[in-house]
Amino acid sequence: MAPGRKGRIARRAAVIAVVVALSLTMEIAGHQATPPAERNEISYTTLHALVPLVFAACAAIAWKIAPTRAPARLMVAFVVLWIPQSIYRVIGEWEWLWPVVRGVDLGWAVIAGIIVLVYPKGFLSDRFDRWVAGIAFVASIVNLLAVLLLASPESAGCAACAPNPYRLAEAPQLFALIDVGYRIVGVGLALAIAARLLVRWVRASVPARTVAFLMPLALFAWATTLAAQAVTYAAATTTDIVLATVSLIAIASIPVSFDAGVAHARNMRARVADLMRITREGADRGLWAESLARTLRDASVRVFWWDEERGRYADAAGVPIDEAEADPRGSHSILPVASPLGAPIALIRHDRVLTDNMRLLDGVSSALRLSVDNGRLRSEVERTLEQVRQSRQRIVEAGVEARRRIERDLHDGAQQHLVSLGMRLRLAANQARDRGIEPLGAEIDATIAMLNDALKELRELAHGIHPSLLSQGGLALAVPELAGRCPVPVAVDVQAEGRLPELIESTAYFVVAEALANVAKHSGATRAWVRARIEDGELVIVVRDNGRGGASIDAGTGMLGIVDRVEALDGTLEVESPPGAGTTLTIRMPLPKASA
Amino acid sequence: MHDSRALRVAIADDALLLREGIAKVLEGGGIDVVASVGTGDELLEVVRGGDIDAAVLDIRMPPSHRDEGIVALETMRASGSTIGVLLLSMYATPEYALRVMGAGSGTGYLLKERVSEPQTLVRAVETVASGGSVVDPEVVEQLVKRTRADDPLSRLTERERSVLELMAQGYSNGGIAQTLFLGLKTVETHVRSILQKLDLEESPEHHRRVLAVLTLLGER
């Protein structure tokens with residue numbers, strides 16, 4: 001948790017606690033200050049006191065989940081502005097304060113209206129909303145000025161209050177007009193907001209209704225009771241207790257609806273995260289469109305993918321997009337999704353109302369972009385890897401082929417020539433002896449001996465380059481021969497019937513050769529074992545010794561060469577070499593299906 | 001066996017130069033070279049034509065350059081031919097020597113460079129033609145040099161070792177006696193001792209002895 005967050009939470013908790021305490025204190029004080037005859041019933045007062053508590057609680061939640069901080073602040077403001085209705089009687093003796101408080105005693109209603117207007121985005125998003133808010137603000141200022149400048153304790157409904165020190169004129173009719181007019185304007189605005197929300201809701205498609213169904217309901221109930229109250233106020237009759245109770249409940253339902261709606265939208269965004277997850281797992285296009293429809297709760301969602309070859313959009317089944325479906329005047333909107341470089345990826349045809357939830361759509365198009373990008377990157381990486389793998393195999397293959405060719409060239413060329421040369425020298429020596437030139441014969445004999453030494457060296461060299469026995473007899477012949485050359489006694493057990501692919505045979509041979517060279521040079525072993533067999537379509541070679549152990553791939557003892565050769569054939573090398581307990585190399589190489 | 005007339009020999013090697021050289025060496029040793037071909041299949045044709053005492057052939061020949069010579073030998077033996085067959089190879093490969101010996105009597109395995117020792121080559125051809133066995137000393141040297149734990153050869157004396165190596169090369173007791181300047185009786189004693197120490201049976205057939213000794217050396 002970031003330190004700033006902790007502080008913020010503490011600060012917000014303190015703010016809420018303070019306004020709640022203030023509100024409750026005022027509520028009780030107001031109740032006490034009201035003459036018993038005018039007091040409301042306890043149940044009503046209790047309900048009245050509960051309304052700001054509901055707002056305060058919802059503010060705490062809204063701070064956490066709403067897209068901006070405005071809704072929570074508005075809810076706290078509501079709690080504060082809820083106080084004046086009951087308090088101005090308590091502070092009636094403070095002539096400098098009560099008119100101000102009386103002037104804002106309907107502020108809570110304005111705040112409630114604005115809370116509705118900022119739903120769900122957290123700010124006033126269109127001109128209608130801003131106009132309504134502006135009118136409400138101007139009307140409130142006018143009302144405040146009217147109270148300050150014109151109200152007397154009697155006309156303000158507070159006979160026990162001290163005289164209003166700000167009063168400039170005696171105009172009870174004007175004051176009454178403004179006082180009632182303000183309420184009527186308020187009711188008008190509230191009804192306008194409610195009607196607008198209701199119309200939006202009725203026009204909206206299924207996904208939209210499920211998102212915003214509480215809010216207009218709450219607002220409508222509230223506006224209706226507000227209207228009823230204004231009428232009764234204007235008629236100066238006592239408020240009907242049932243109507244008043246309904247009104248309180250309607251008011252309290254506003255922040256609850258707000259939080260519920262926002263939470264619902266958040267839930268949808270969480271499902272966009274699910275889309276991302278599907279994206280990562282590389283779902284196919286049909287599945288993707290399906291989960292998108294589920295995410296957006298809009299069964300009418302269709303996804304048209306860009307077909308690069310044909311230069312058109314088509315759905316997952318390959319059906320191209322209909323011109324009518326792309327018509328912007330229909331009940332659906334089209335969301336184009338393009339790659340970061342601007343190349344078209346897809347069109348998402350969705351319910352028009354989802355346009356209101358731009359963050360959700362942003363999330364969806366990001367998910368889609370990521371999906372396509374991921375898929376592209378993945379296939380690119382896979383392609384590159386495959387190319388690297390193939391080229392590595394080709395390099396190893398070329399190496400083996402080159403060695404084989406060199407050995408064969410030596411065998412058919414230099415070695416044959418030297419053998420013929422030796423033969424001719426022998427004939428020459430014999431002729432020299434026949435003619436009685438014994439020293440020449442002896443000289444030629446010595447040359448032949450040197451030649452044979454050279455031939456022997458050449459033979460060893462050729463064998464080291466590529467053992468002819470391997471091409472001729474496979475591992476079953478070549479590995480025992482190899483083991484026989486190792487200065488450390490080696491027990492050999494090769495059970496690879498028939499011939500394996502040449503590349504695997506030669507790799508296996510050189511791996512065993514390298515491993516046995518390590519045994520001879522580094523291990524200090526007195527015995528070694530080589531086992532080769534075919535298990536589950538793999539050639540498994542185990543080279544073990546009883547030496548000092550401690551070998552590792554990084555130790556630079558030719559082990560890396562083994563790893564390179566084996567991995568080029570998709571094989572693996574396992575080294576088990578605890579100090580003092582010998583070394584075991586296990587090499588596994590998959591065989592092609594045909595020879596497995 | 002063929003004392004009355006010169007041995008009739010066919011040569012198979014894909015290298016013309018060597019083929020001619022071998023022919024020259026053999027003719028120098030009083031052997032008739034009646035055919036000189038480049039592949040195992042051609043040699044088989046010649047052998048089927050009959051009246052051949054021995055064949056000298058390269059192991060590695062077209063088409064696959066692997067073990068065509070040995071395959072030709074095995075084909076001959078399978079079809080009942082008992083002529084002497086001497087295989088030549090650029091490499092001294094014990095595994096091949098064993099396979100050659102395993103094909104039956106009258107077989108030999110020599111390094112190609114022995115063509116510069118006319119007597120060795122001529123004697124080898126004569127040996128296989130008369131049903132004997134010949135194994136190149138370098139093959140035996142390799143086998144003896146092989147390291148094994150609990151080596152049975154360690155039970156042999158120095159002299160017995162020398163005798164064993166000659167046994168493996170296909171020498172008869174008489175040949176061993178001659179080579180080591182020993183009396184025939186002494187050699188026979190050594191041979192009996194060796195066979196006993198190595199747990200081998202005395203075989204009446206000469207080439208079986210060679211094969212047994214080679215196998216033992218190879219399997220140690």
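**Contacts and chain make-up**

I began with contact range in chain A of this predicted model: of its contacts with a separation of 6 or more, 67% are between residues 24 or more positions apart. I then looked up the elements of chain A and found 17 helices and nine strands. Burial came next: 37% of the 596 residues of chain A count as buried.

I ran through chain B in turn. Here 68% of the contacts between residues at least 6 apart in sequence join residues at least 24 apart. Chain B has ten helices and six strands, and 48% of its 220 residues count as buried.

**Nonpolar cores**

Which residues touch the most other members of the largest nonpolar core? I found B:Val9, B:Ala54, B:Ala55, B:Leu86, B:Val125 and B:Leu214, in a core of 73 residues.

**A helix pair in chain A**

My next stop was H3 (residues 70-82) and H6 (residues 107-117) of chain A, whose axes come within 8 Å and cross at roughly 160 degrees. Angles over 145 degrees count as roughly antiparallel, so H3(A) is roughly antiparallel to H6(A). The crossing of H3(A) past H6(A) is left-handed. On the H3(A) side I listed A:Pro71, A:Leu74, A:Met75, A:Ala77, A:Phe78, A:Leu81 and A:Trp82; on the H6(A) side, A:Gly107, A:Trp108, A:Ile111, A:Ala112, A:Ile114 and A:Ile115. I sorted the residues of this contact by type and got twelve nonpolar, one polar and no charged.

- I found a cis peptide bond between B:Pro62 and B:Pro63, with omega about 10 degrees. B:Pro63 sits in the loop between strand E3 (54-58) and helix H3 (68-78) of chain B.
- A:Asp536 is not a glycine, yet its phi is positive, about 50 degrees. I placed A:Asp536 in the loop between strand E6 (528-535) and strand E7 (538-545) of chain A. Is A:Asp536 buried or exposed? A:Asp536 counts as exposed because 9 other C-beta atoms lie within 10 Å, and the cut-off for exposed is 12 or fewer.
- B:Asp199 also has a positive phi, near 65 degrees. B:Asp199 lies in the loop between helix H9 (184-197) and helix H10 (206-219) of chain B. I counted 8 other C-beta atoms within 10 Å of B:Asp199, so B:Asp199 is exposed.

Conventions:
Residues numbered from 1 in each chain as written. Chains lettered and ligands numbered in written order. Predicted model: local features only at pLDDT ≥ 70, side-chain atom pairs only at ≥ 80, totals over all residues. Axes fitted to C-alpha atoms, helices over the stretch in contact; angles between N-to-C directions. Helix = DSSP H or I, 4+ residues; strand = E, 2+ residues; numbered from the N terminus. Parallel < 35°, antiparallel > 145°, perpendicular 65-115°, else oblique. Left-handed = near helix turned anticlockwise from the far one by under 90°. Contact = placed C-beta atoms within 7 Å. Nonpolar A, V, L, I, M, F, W, Y, C, P; charged D, E, K, R; others polar. Buried ≥ 20, exposed ≤ 12 C-beta atoms within 10 Å, placed from the backbone. Core = buried A, V, L, I, M, F, W, Y, C linked by C-beta atoms within 7 Å.
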